[in-house]
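Work through the following exercises with the model open beside the text, and try each task before reading its solution.

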Amino acid sequence: MEKLIQVKNIHSGYHKKEVLKNISFEIEEGEFLGIIGPNGSGKSTLLRSLSRVLRPLKGNIYYKGSDLYAIALNQIARDFSFVAQDTQVNFPFSVWEIVLMGRIPYLSRLQPQSAADLKAAKESMSITDTLKLAGRQLNDLSAGEKQMVIIAKAIAQEPKVLFLDEPTSHLDIGHQVKILNLLKGLNRDKKITVAMVLHDLNLAAEYCDRLILLDNGSVYKSGPPGEVLTYENIEEVYKTLVIVNKNPVSGNPHILLARKNIP
Amino acid sequence: MSKKIFLLLILFLSLSVFTGLYFGAAELSPDIFRLRLCRIITGLIAGAGLAVSGVIFQGILRNPLAEPYVLGVSSGAGVGAVLGLFFNLSLQTIPVLAFFGAGITMLIVYNLAKVNGRVSTQNLLLSGVIVGAVFSSILLFLVSISPNEAIHGITWWLLGSLQVFDIPLLATVSILVLCGIGIALFLTRELNAISLGEEEALHLGVNVDTVKRLLFVVASLITGSIVCVCGIIGFIGLIIPHAVRSIIGSDHRQVLPASAIAAGAFLILADTLSRVIMPPVEIPIGVITAFIGGPVFILLLRKKIKSPF
């Protein structure tokens with residue numbers, strides 16, 4: 001497998017305040033990568049830098065060998081798409097209109113959508129099971145339905161890399177699993193590389209090929225879930241006592257909280 | 001835009017042009033006809049321009065309550081224009097001054113509302129209203145201390161009027177407004193993307209900073225130009241886009257042109273109303289639009305406060 005994205009010694013942050021310090025790693029084509037770490041460890045900052053919206057203060061990121069931030073924004077939008085934790089829309093757009101916006105990177109100014117654009121949008125809605133919502137307004141949907149629509153928009157963009165920032169943190173376990181199964185399917189069938197920030201360590205262990213554990217702006221550990229999610233690592237980074245078991249079906253690590261006995 | 005909606009809008013426009021031409025206190029004569037035609041053209045340009053700048057402000061600020069009058073931008077433009085009159089500057093410079101007045105006001109309002117890099121609806125409206133009030137009093141101050149007799153006449157102008165005596169100024173303003181609307185029409189897809197959030201728009205390949213800056217200049221230019229010829233007419237940019245959205249949805253590719261036509265027609269009707277309600281007195285058109293716009297604003301605000309964001 002070739003290296004799709006190379007991160008070389010980046011420092012990233014806001015207003016000269018460094019959140020990430022000297023981070024380097026690589027993302028391979030077709031990988032399903034999870035980024036984990038405590039609140040404030042720089043997960044979202046890293047994802048924003050990777051997805052070409054937050055230029056690193058120092059260091060470089062390469063996409064297919066060329067400097068990511070030298071590639072035009074509308075060109076990279078045909079390869080990258082992004083799903084945020086929560087998307088707020090203040091105007092009454094319909095689901096269909098939202099999903100079609102995923103085709104914006106492919107359209108030149110004033111050019112109307114072609115049959116191919118409509119087909120891509122429809123297909124992504126059928127994959128995400130949102131066709132039945134097409135005429136509804138986004139703001140009238142439940143959190144789970146809404147997130148599915150935002151994912152449909154991201155798929156309509158026909159990305160090669162899909163970035164997600166805690167896409168399931170507001171959702172019930174049914175929707176969490178539905179979304180992660182969907183992503184896993186896209187990763188396998190459409191060869192979409194997935195890079196995702198996750199809070200839930202068990203979901204991360206179950207679905208990701210590889211995990212990057214961030215601590216205080218640096219990579220603490222990177223590797224397959226079995227290597228990263230050890231009780232020593234978790235206790236050190238999260239400052240929390242845990243018990244690490246094995247999921248009896250998949251054999252992946254399973255993390256249990258160890259409650260302190262309060263006298 | 002769907003054909004049906006477009007035809008309906010054209011019908012509405014023709015109807016308002018017709019009533020504008022044939023209703024009024026005076027008997028129809030060639031002179032009266034010419035005067036009314038001039039008012040109709042002014043109304044069309046002013047309505048379309050104010051609605052388009054309303055749609056632009058709403059789009060780039062991601063807020064359906066944004067509008068040149070509510071944000072104080074109209075008052076800022078007014079101060080610019082009156083300063084020009086005050087120092088007896090040439091007529092060509094007045095639209096330029098009004099444009100700078102509008103732009104500077106918008107910058108002040110936006111930066112006052114920005115707390116920790118975020119602009120909330122409440123802060124935006126509050127700072128808009130306050131800055132608008134300050135600029136309005138500066139306007140009144142300039143008017144009251146002015147030795148220039150002509151300036152006393154502009155109290156009337158401040159309340160908004162489609163009566164334009166200066167045809168070259170109207171022509172200049174029309175060209176500016178039409179250019180502005182043309183540029184905005186080119187950027188409607190970007191406005192759609194920005195409605196999802198600035199970061200979302202970046203992920204869709206939209207150069208958010210450039211688009212925002214350009215549209216910001218366009219909206220200030222449109223507002224400034226219109227204030228030069230017809231004073232401060234409030235709420236058009238709020239009522240019309242809101243009504244249009246509730247009928248045809250939020251896609252800016254349709255909302256923008258539909259609002260422009262509908263607002264032109266609406267302003268012509270409001271002007272006709274202002275002439276025929278109690279002749280021979282002419283009610284300032286700003287009074288009529290505020291009578292309709294105020295309640296619409298309150299309804300929208302209530303709806304927004306009830307919703308979680």
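**Exercise 1.** How many residues of chain A are in contact with chain B, and how many of chain B with chain A?

*Solution.* The model is predicted, so local features need pLDDT of at least 70 and side-chain atom pairs count only at pLDDT 80 or more, while totals for chains, interfaces and linings use all residues. Residues are numbered from 1 along each chain as its sequence is written, and chains are lettered from A, with ligands numbered from 1, in the order in which they are written. Taking two residues as in contact if their C-beta atoms, placed from the backbone, lie within 7 Å, one finds 21 residues of chain A against 22 residues of chain B. On the chain A side, the elements giving two or more residues are helix H2 (73-76), strand S6 (80-83) and helix H3 (95-101), where helices (H or I, at least four residues) and strands (E, at least two) are DSSP runs numbered from the N terminus. That side divides into twelve nonpolar, seven polar and two charged residues, with Ala, Val, Leu, Ile, Met, Phe, Trp, Tyr, Cys and Pro counted as nonpolar, Asp, Glu, Lys and Arg as charged, and the others, Gly among them, as polar.

**Exercise 2.** Describe how the two domains of chain A meet.

*Solution.* Begin with the bounds, which come from an automatic or database domain assignment: domain 1 covers 1-79 + 159-226, and domain 2 covers 93-158. Their centres, taken over C-alpha atoms, are separated by 23 Å. Next, 13 residues of domain 1 of chain A are in contact with eleven residues of domain 2 of chain A. Helix H6 (residues 173-189) of chain A supplies the largest share of the domain 1 side, four residues, and this side as a whole comprises eight nonpolar, three polar and two charged residues.

**Exercise 3.** Is B:Ser246 buried or exposed?

*Solution.* First locate B:Ser246 in helix H12 (residues 236-248) of chain B. A residue is buried if 20 or more other C-beta atoms, placed from the backbone, lie within 10 Å of its own, exposed if 12 or fewer, and partly exposed in between. Because B:Ser246 has 10 C-beta neighbours inside 10 Å, B:Ser246 counts as exposed. Finally, the C-alpha atoms of B:Ser246 and B:Leu28, which are 218 residues apart along the chain, lie 38 Å from each other.

**Exercise 4.** Which residues does A:Ala195 contact, leaving aside its neighbours within four places in sequence?

*Solution.* With those neighbours set aside, the contacts of A:Ala195 are A:Ile27, A:Leu33, A:Ile35, A:Leu47, A:Leu50, A:Val161 and A:Phe163.
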